[in-house]
Every structure is written in C-alpha cells, then in structure tokens.
Amino acid sequence: MDSDIVLWIVVATALVFDFTNGFHDTANAVATSISTRALSPRLAVTMAAVLNFAGAFLSLAVAATIANGIVQADLITPAIVFAGLIGAIAWNLLTWYYGLPSSSSHALIGGVVGSAFVAAGPEAVLGEGLVTKVIVPAFVAPVLAFAVGGLGILIIYRIVGRQRPGPVARGFRLGQILSGGLLALSHGTNDAQKTMGIITLALVSNGTLSEHADVPTWVVVASATAISLGTYVGGWRIIRTMGSRIIKMDPAQGFGAQGVGATVILAASHAGFPLSTTQVISGAIMGTGAAKRVSAVRWGVAGNIVVAWVLTLPASALVGGFTYAIVALLGSDGLGPLVVSVVLVAALIAVMARRLVAGKTLTAEG
Amino acid sequence: MTVLGVTWGLLWQTIWVSFAAGIGVAVLFSLVILASARASDARRAGQDVAAIGFGALATITFLVFLTGVILGVQVMLAK
C-alpha cells in the first residue's frame, strides 16, 4: 500500500493528539482564574487559545522529536508513532472523562514506549532516559510545587493579611490574568512543538522532506491551529476539578497556585530540568490549600489525581503496545493504521451521536 | 554527582531556583498590592506624602515584577 497513506494518517492522528492536548491542558492556564472570577470562562479560554496559537509561532526550534532519549530513535517507524499517538489520545480522553488532570507529554512518551517495546523488544526502550526524563521529574514536580505554593501563600497572607479584602482580591485577580497568560504562551511554545516534531519526523522518514529541511509553514499553522482550537473548546471537566474540586480557593490562593506555579515551571526550565505543567499547577493548588488548613484540601480528589499520574505511563504504554500489535497484524505499511483509524473514528462518532441524542453536550460534564 | 542517570546537582539547582523565584514572585506581587492599598488609604485620609511614598513603592515593585515576567518569556524562548 502507498506509504503516503500511512504518512497522512500519522499527520491526522498527530493533529488529533494536538487538539486533545489543547483541551486537556486548558485547565492549567484558566482553572484558577475562572474559579476566582478573575476572568469569565469564555474570555479565559479565548485568551488561552489565542496565546497558545501565538506561542506556537514564537519558537521554532523543533526541539524534541517525540520521546527523544527515551526510545532508540533509529528504530522508530511511522507505525510506531501512530500507535504511540493512539495510546496518548486514549489516555487523554479517559482522564478528561473522569476530570483528572494528567500530563499529556507523559502520555505521549508512554504510548511511544509501549509501541516501540512491542515492535522492537526491550532494547528499543532506554531505561535511563525514562528515569531521568519522566519518573524523577514526576516525583519532583508535585512535591516541589506543593512546598513552594504552600510557603508562597503563607508569605502572601502575612504581607496582605491586614488589608481590606476588596482591593486585595482585585489585585490578585489582575495578577492571575498575567500568570495565566504566561502559562498559555508557555504551553503554545512547548506542546505545539511536539506535534510539529512528530509531523516533521513522519515527513522526513517518508522522504517527503529532507533531513535538514526547516519545518514547513503548513505544519506550524496546522499544529498551532489544532492546539488553540482544543484550548478554546476547553476540557471543562478538568477545569472544574482544578478550579474548585481540589480546594475552594480565594484570589490570593489562585494567584499563589498559578503565579508561583508558572515561576516554578520557568525556573526549572531555566535550570535545565523541565517539569510537567499539569503536575506543577495541581501540586501548587494542593499546597496553597493545605497551607491555609490541611482539611481544606479534598484529599480524596487529590488521591485520584495522583493515581492518574502513576498510571499515565503504564496505561498509555499498554494502549500504544496493543494498538501496535493490531497494526502489525493487519500490516504496518498502510492497511493496519487505516483500519485502526477508521474503527476509532467510527467509535468516536457513535459515542458523540449517543450523547447528542441523549441531549448532552459533547464536551461539558453531564 | 550522577546516580541512576540523574544529575543531582542539577536537581538541587532546580529546587533552590524554583524556591527563590516562586517566593520572590509571591513577595513582590504581595508588596505591589500592599503598597497600592496603603497608597489608596493614605490618599483618602489626606496624607499626601505617605500616598506618594506608597505609590512609588507600588510602582517600583510592579516594575521589578514585570522584569521577572519578561525574564520568564525569555526563558520560554531560549528553550
């Protein structure tokens, strides 16, 4: 079968992943602003979508091709990338359905690790890369953000605690708009790049693009559009969890979680140890709640989130590996990805149709 | 020192830089709000000198905070 078919299936799947990445991670930038009424929900997601779009154009050093340093790069084929993307999309949709914030990047890495493992065996996976780039940061991010967020809110309360609540709340709401904007821009520069990397890798491996060619403009525009559309649609279930189900936050806590969280993310990035935005913001929200009163945090919800973080890598790896096995069975040169794509799209349409028939919206809860 | 592939010096640097920057942002923005609130109270009470002083403090701390935001954008672009 024509290898172009596999290429375009990978491109389309990468854009679908980009879209789910956008709506899954909207909450990081907007949840606390919406919860403290710094911004109306629609304005918040519109601002985040525009900044995600702009961010995608700001830095084009297509840094990381996917799972760089985690799987053997020379063993990667379009079929492995396709199966990995399916694993990541499946995990993003599942965690979105249950309103659980989890790392889209870790899901993508897990998916590719699983499909590479099934395709080429254990030697395809670089254990050390997995430990240094995923497992250690996954422990550090929430604990560090929890501690910095907690200490930050105690200092904030100490400084502004005796002031009239009205002006203080207004001030922190303004600060949240700035920190939310910074997070959305950062998300665009970071996550849209991953999709650009995947598509460029697929184009190069297909021979459509030479190895040292620049990223085509249509790839940049398509990736930026997909992530910003996803952000605009908004993963409202996760926004609700991060904004009001972990703690009931005041504007100072909202700024503490989001402003301090954004600072931790950028400081860690500057130090050369990038951390998951989702884990940092979630950890910071828990920290600002616990510092005020330990019982202010709904630990049951927090526990579910931590379980989702622990399961992200193995679950997306499992789906990625299983998908690759089916693709390989049907033929990884075209028929496999085609059949899997058609079946998944049909299943998605059936689920959406059932929701619409039942009078429910496609993205909101209920 | 590298154990299990993790450079612990880098990890330690990440921790202290995150603490310093995070706490720095919290302190700076809180000072902006405190100084603005005090300036507004002083203006209402007719204490012009105090109002100007607190207003200046609010402006300076806000400018330092903005410098931090610009630094953040630079870090973002330097990846």
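A residue here is called buried if 20 or more other C-beta atoms lie within 10 Å of its own, exposed if 12 or fewer do, and partly exposed in between, with C-beta atoms placed from the backbone. By that rule, the buried residues of helix α8 of chain A are A:Trp236, A:Arg237, A:Ile238, A:Ile239, A:Thr241, A:Met242, A:Gly243 and A:Arg245. What you're looking at is a predicted model, where local features need a pLDDT of at least 70, side-chain atom pairs count only at pLDDT 80 or more, and totals for chains, interfaces and linings use all residues. Residues are numbered from 1 along each chain as its sequence is written, while chains are lettered from A and ligands numbered from 1 in the order in which they are written.

**Confidence**

- The model scores ipTM 0.90 and pTM 0.88.
- Next comes pLDDT, the predictor's confidence in each residue, from 0 to 100.
- Chain A has a mean pLDDT of 87, and 95% of its residues reach 70 or more.
- Within chain A, helix α12 (residues 335–357) has the lowest confidence, with a mean of 85, and helix α11 (residues 299–330) has the highest, at 94.
- Chain B averages 87, with 91% of the residues scoring at least 70.

- Two packed helices are described by the angle between their axes and the distance between the axes.
- The axes are lines fitted to C-alpha atoms, for helices over the stretch in contact, and angles run from 0 to 180 degrees between N-to-C directions.
- Angles under 35 degrees count as roughly parallel, over 145 as roughly antiparallel, 65 to 115 as roughly perpendicular and the rest as oblique.
- Start with α5 (residues 127–160) and α9 (residues 251–270) of chain A: their axes come within 9 Å and cross at roughly 130°.
- α5(A) and α9(A) are therefore oblique to each other.
- The crossing of α5(A) past α9(A) is right-handed; a crossing is left-handed if the near helix is turned anticlockwise from the far one by less than a right angle, and right-handed if clockwise.
- Residues making this contact include A:Gly149, A:Gly152 and A:Ile153 of α5(A) and A:Gly256, A:Ala257 and A:Val260 of α9(A), where two residues are in contact if their C-beta atoms, placed from the backbone, lie within 7 Å.
- By class, the contact of α5(A) with α9(A) has 11 nonpolar, five polar and no charged residues.
- For those classes, Ala, Val, Leu, Ile, Met, Phe, Trp, Tyr, Cys and Pro count as nonpolar, Asp, Glu, Lys and Arg as charged, and the others, Gly among them, as polar.
- Now for α6(A), which packs with α9(A) at an angle of about 30°, their axes 8 Å apart.
- That angle makes α6(A) roughly parallel to α9(A).
- α6(A) passes α9(A) in a left-handed crossing.
- In this pair, A:Phe172, A:Gly180 and A:Leu183 are among the α6(A) residues, and A:Phe255, A:Gly259 and A:Ala262 among those of α9(A).
- The contact of α6(A) with α9(A) has 10 nonpolar, eight polar and one charged residues.

**Residues to look up in chain A**

- A:Gly181 sits in helix α6 (residues 165–205), and is partly exposed, with 18 other C-beta atoms within 10 Å.
- Not counting residues up to four places away in sequence, A:Gly181 touches A:Met47 and A:Leu51.
- A:Gly181 and A:Met47 are 134 residues apart in sequence, yet 7.3 Å apart in space, C-alpha to C-alpha.
- A:Asp191 touches A:Asn21, A:Asp25, A:Ser104 and A:Ile227, leaving out residues up to four places away in sequence.
- A:Arg37 lies in the loop between α1 (3–35) and α2 (41–58) of chain A, and has a positive phi of about 60° although it is not a glycine.

**Where the chains meet**

- 32 residues of chain B are in contact with 44 residues of chain A.
- On chain B's side, α1 (8–44) and α2 (48–77) are the elements that give two or more residues.
- The largest share of that side, 23 residues, comes from α1(B).
- By class, the chain B side divides into 22 nonpolar, nine polar and one charged.

Terms used: Helix = DSSP H or I, 4+ residues; strand = E, 2+ residues; numbered from the N terminus.
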